[in-house]
Amino acid sequence: MRATELSELAAFAAVARHKSFRKAGEERGVTASAVSHAVLNLEDRIGIRLLNRTTRSVSLTEAGDLLISHLDPAFGEMTAALDALNRYRDTPFGKVRINVPNSIGPFVIGRIIGPLLKKNPNLQLEINATDRLVDIVEEGFDAGIRFGERVTEGMIALRIKPRIRLVVVGSPAYFETRPKPATPHELKRHLCIQNMFPSGARYAWEFEKDGQAVSFQPAGPLSLDDHELMMQAALGGVGLAYIWEPRVEKAVAGGELIQVLDDWCQPEEPLYLYYPSRRHMSAGFRAVIEAMKAE
């Protein structure tokens, strides 16, 4: 059904309720002549007279009475359907889909999941954790989490975390036979776990100190695209790992891993929650935003 046809039916239903073109126009926010014109178009289109009109009164024909008997329940159901949507606007309800890099997901969004769902039991949270670069609009996500330099232009971006950094760690057993590197250049003498993107491309280890930037392409017997596996490999003495600091903090504090080149490891760009628009934002998504801001 075309929009004009639905508008004509709604105009007819308003006249049937009020038995007046003027009052129907007031209800719909248009002139009485606009309502009359819409009803006439409807009658011409279906080829049946629906209203009896005189200068003093308006009444339904038998056909009009039959039509309104079907329209009233239909319009009532449409109104109820729209009213039912209010829970999405006023109460955290329904599904919210978030995309987050797998390598940082646990310590960026992991801690908010439990409290958020406990506070909002009707909320369904769907988190896609992947280091693949995702177009959140094309793939149907409400929002994504990325470092600042990777946020797509035109998105609304909310800074959500202090800046974090990648650090170099190795096990005590590994350093029993090798000296700790004092500069990134000394990494050439070490076994290093190579970092991979999901595409298979390797990425360099980036360092900076006193304005001097160093890009090091590691070499070693193992390449991984998962930071949890990198940490496990480092714990096992396979080699040095270049890994997000929050992921290895406990292992470093407990002496299971040793952190090196600390003064060369600088924070990355800030992290942002980003999304396409503030218009028509659901209450569920607003709840996620507030939880991320509080964290």
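Mentor: Leaving aside residues up to four places away in sequence, Arg150 touches Leu133 and Phe197, where contact means heavy atoms within 4.5 Å. This is a predicted model, in which local features need pLDDT of at least 70 and side-chain atom pairs count only at pLDDT 80 or more, whereas totals for chains, interfaces and linings use all residues. Residues are numbered from 1 along each chain as its sequence is written, and side-chain values use heavy atoms, with hydrogens and water left out.

Between Arg150 and Leu133 lie 17 residues of sequence separation and a C-alpha to C-alpha distance of 8.9 Å. Arg150 sits in the loop that joins β5 to β6 (156–161); strands here are DSSP runs of E of at least two residues, helices are runs of H or I of at least four, and both are numbered from the N terminus. With a relative accessibility of 38%, Arg150 is partly exposed, a class that lies between buried (under 20% relative accessible area) and exposed (over 50%), as found with a 1.4 Å probe on protein chains only.

Arg150 also belongs to the largest pocket: of its 25 lining residues, those closest to the centre are Phe147, Arg150, Phe197, Tyr203 and Trp244. On a 1 Å grid over the protein atoms alone, a pocket is an open set of points with protein on both sides within 12 Å along at least five of seven lines, unlike a cavity, where a 1.4 Å probe fits but cannot get out; lining residues have an atom within 4 Å of a point. The volume of this pocket is about 480 Å³, taken as the space filled by probe spheres set on the points, which are joined across faces, edges and corners.

Two strands, β5 (143–147) and β13 (241–244), each give at least two residues to the lining. By class, the lining holds 13 nonpolar, 4 polar and 8 charged residues. Here Ala, Val, Leu, Ile, Met, Phe, Trp, Tyr, Cys and Pro count as nonpolar, Asp, Glu, Lys and Arg as charged, and the others, Gly among them, as polar.

Trp244 leads on to Ser103. Not counting residues up to four places away in sequence, Ser103 touches Asp131, His227, Trp244 and Arg247. Ser103 lies in the loop between β3 (94–100) and α6.

Two or more of the lining residues come from each of α6 (105–108) and α10 (245–253). The lining of this second pocket comprises 7 nonpolar and 5 charged residues, with no polar ones.

Asp210 occupies the loop between β10 (205–209) and β11 (212–216), and it is exposed, with a relative accessible area of 76%.
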